[in-house]
Structure formats: structure tokens, C-alpha cells
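My entries follow in the order I made them.

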Amino acid sequence: WTVACCAMAQLTRSRLLRGLPVLVGVGGATWAADELYWHSVLQRSARTVKAGLYLLWQYKVCWTPETSDLVHGRVAKRLVDCLRRNEGLYVKFGQAMSTMDIVLPQEYKNELRTLHDQAATFDFPEVRNVVEGELGKKIEDVFSDFEEKPIASASIAQVHRATLRPEFADGQGLPVAVKVQKPNIKAQNGWDLFLYKIVLLVVERAFDLPMVWTYDYTRQQLSDELDFRVEAVHAKRAQEELDACRHLKGKVVVPKVQEKVSGQRVLVMEWIDALGPASDAAALQKANLKPSDIMRTAMEAFGHQIFSTGHVHCDPHPGNLLVRLSPPGSVQRWQLVLLDHGLYCELNPKLRREYADFWVSAALGDTEKTVKICSQWGIVDQDAAELFASLTQFRRVRLGGAGRLANLAQLYSGNSSAIPDEVKAKRVKMTPKQLAEAQAQLKARAK
């Protein structure tokens, strides 16, 4: 029996040794094909699955009220590392998550904020292939100058500075920004969306959160965003609607698209010499501009879209709002420049009216009206209505009673001394033990 076991072990070992080169060869060939021809879809998918399993393990096994902050920090780092290394649509998903900071733990806010930094770029030979393939002409035939190094790079495209030849620009050379879609995006898109749906299914099942219903809308929006011809249509319409508003005409501008030399993966727009992003207070103050004036104009512009036109820019992160000095003859010294018009949504008149009423009632803490409006949208109780109002208004909204008075005080003053006495009377000093118990209950509810 001992001799037979040794013989079997030697036979198994020899088979494994003979099969090892085959396994290594197949693995190497698969990796090479994935790296060179499949745009790393297998590696990106493996990272996604690994990050997803880590998230499930941390929150389903390791999470307790006491370890909450540690778990959030570990998962946030792993998640953002996956998003950054996978690039493309993963970065865009992360940027969308970062806008929901009203409900995100601080650890997530800190990590997701880094996704707005400069994204990875691709080499100029690939830029040339995309531009020439899309326009059907050599770059030199369309542009008298084309800078090889991109001036900016985002999740799905990068931007180059160029000069359009006179025959394509009304008889004179025109400085332009050329937005070029990254060549791997189209190949990765279908597989990324498939994995996205799998992730939604797993999250919905594991955490009892309704997520899958968002998939079809997200897929359609991303499909539109990958077609720069759709962006050109949105940009033209946005400028027409802004110009039709007498309060915003000349104050908010959209770079003009050069439609003759734009296509599905290439978008050519007028060049904008900007002072910097609208969020760069130091640069604005250096130019003797008030950041508060610029933010007010930005709010008016998006308010006009949301409540008046229903044609709403859905990607207003800091990189898409620039400030420039106005050309001669303008109504004021500066203009707000609205970039990146690939992602829009349409709000019908009924929804715009309800949404306006919702904002007013939520801001005033009108419980009955806020809950009534939210119930028409499928948000069924006061707790859910408070959460939705907080998400929408990017601040903690409390409905009813003292919460209503606090909302009013918050609206009219940032000074805590302005909070009505009735609200102050509701404050109770807690012992350390009571505070710990209350925090544990809140964290348990959050889980």
C-alpha cells in the first residue's frame, strides 16, 4: 500500500510538472492578449471582483459600531484604488459618488476627492489615429498647429490645444480645444456596464438596497456621453437657452462647437483663456473678482436650467466651471464658462413645478407638504423625505417642530446665535455614556 501511494504521488507530480508549462503558456498568452488587444478588460474585471469581495467581507464580517471608522477607511482606500487603476468609466462612477458627500462618511469623501485630479493620458500616435479616423483627413490638413501634449485629461477623453486652418474657420486661423475620446473606452464600455450591473445586483442582495433600477438609465446616459455629436447638440441648445434669459445673457457662456470638424469621438470647440476654475478663490481674488458673485451666477444658471428650461447639465464638478475676463462690449468684467455638455437630463413641466415646491417646503421645514410631494415620487415616509431633502440640498434638513425653526435660522444666518430660543431649548447635554449609546444606535441604524 505504501509503494502504491508513492507511485501515485510520483505520477501525479509528473503530470503536474508536464502540465505546468501549458498552464503558464495559456496564462501568459491570455495576459498578453488582454493587455495588447482587449484593452485590459480581464485585469480590470478581476480588480473589480476583488474589490467587491473585500467590501462585502469588511461590511458583513468586520463591521461593528466600534470599528466603523476603520472599516470605512480601509474600504474607501481599496475602492478608490480600484477605480483609479481601472480608469475610464470607473473614474466617472467615482466622481458621481463624490457628489453625494452629504451621506458619505468622511473617509470616503477624502479618498473620492482625489479622482478629480488629472487622469491618465494616451500617446499622440493614438490621438492621431482617432482624429484622422473620425475626420477622414490628416491632422495637418485640418489644423495648422496641434500640440501633442494634452492640456487636460478626464475619465473618457483628453483635450489638446490646436489652431484650426482658415478654410474651416470662416477664413481665419482659430485657436481651438480638441476633445479626443480615449481609444480604449469604446471597447471597455460594454464589459464595464455588464460588471456594473453585477455589482448592483450583489449590493442589492447583500445590503437590501434598491440599486438595480438605476442601471438602464445609467447605461443610456453613458451611451449618450460617449457620442460627442450628442454633446454638440446639448452645448448649442444650452447657449441658446442661457441667452434667452435676460439675467444670464452675456454672463454665462458655452464654448462654440466647430461642427464641420467634429464627430462621434472628436469635438472641436473655441479656445477659452480662463483665469481658473470657479472654485479657485485665490485666482479669482487675485483678479479682483468676488468668488461669492461667481457662485451666485452659477446658482442662477443651474436654477434656470432646473426650474425654467428643464434641460439640465448633470456634471457640474469644479473642472467644468471656469471663469474668464469678458471680451470688449460685455455686460460685466467676467464670464462664467460652462464646459462638458455630454451629460444632460430633461425635466418635464410637472416635475419642475413639484421640484420647486419641494425645495421651498423642505427649506422651510414644512413636513406635511414635503412628505406629500415626496410620496408622489415613491419616497414613502418622513425619514426618507428628510434624507432625500438632505441629499438634494447638500445640508442636513430637519422637518417639523424645532427642525423647522432651525431650518429658518440656517437659511438666514450662519451664526449659531441666530438660532431661535425654541431650538436651543431642545438641546440636552448628554453624559459620555448616553452619548456613546446614542452613537451606537445611530451607527446600527446606518448599517
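Predicted model: local features only at pLDDT ≥ 70, side-chain atom pairs only at ≥ 80, totals over all residues.

**Entry: cysteines.** How many disulfides does the rule give? I got a count of zero. I then looked at Cys-345, whose closest cysteine sulfur is in Cys-314, 3.5 Å away. A disulfide needs the sulfur atoms within 2.5 Å, so this pair is too far apart for a bond. Is Cys-345 buried or exposed? Its relative accessible area is 18%, and the limit for buried is under 20%, so Cys-345 counts as buried. I looked up Cys-62 too: its relative accessibility is 22%, so Cys-62 is classed as partly exposed.

**Entry: the chain as a whole.** I listed 18 helices and eleven strands. The chain has 447 residues, and 39% of them count as buried. For contacts between residues at least 6 apart in sequence, I found that 59% join residues at least 24 apart. I put the accessible surface at about 25800 Å², with 58% of it belonging to carbon and sulfur atoms.

**Entry: second largest pocket.** I noted a volume of about 900 Å³ for the second largest pocket. Which residues lie closest to its centre? Out of 34 lining residues, they are Ala-152, Val-159, Gly-319, Asn-320 and Leu-339. The elements that give two or more residues to this lining are helix H4 (89-98) and the strands E2 (152-153), E3 (157-164), E4 (174-181), E6 (266-270) and E7 (276-277). E3 supplies the largest share, three residues. Sorted by class, I have 16 nonpolar, ten polar and eight charged residues in the lining of this pocket.

Entry: Rolling a probe the size of a water molecule over the atoms shows where empty space is left. How many cavities of 30 Å³ or more are there? I counted one. The largest cavity has a volume of about 40 Å³. I wrote down its lining as Glu-231, Ala-235, Val-254, Pro-255, Val-257, Leu-267, Met-269, Leu-339, Asp-340 and His-341. Helix H10 (228-243) and E6 are the elements that give two or more residues to this lining. By class I have seven nonpolar residues, one polar and two charged.

**Entry: cross-check.** E6 gives two or more residues to the pocket lining and two or more to the cavity lining.

Technical notes:
Residues numbered from 1 in each chain as written. Heavy atoms only, no water. Helix = DSSP H or I, 4+ residues; strand = E, 2+ residues; numbered from the N terminus. Buried < 20%, exposed > 50% of the residue type's maximum accessible area, 1.4 Å probe, protein only. Contact = heavy atoms within 4.5 Å. Areas by Shrake-Rupley, 256 points an atom, 1.4 Å probe, with all protein chains shown as cover. 1 Å grid on protein atoms, 1.4 Å probe; cavity = no way out; pocket = protein on both sides within 12 Å on 5 of 7 lines; lining within 4 Å. Points joined across faces, edges and corners; volume = space filled by probe spheres on them. Nonpolar A, V, L, I, M, F, W, Y, C, P; charged D, E, K, R; others polar.
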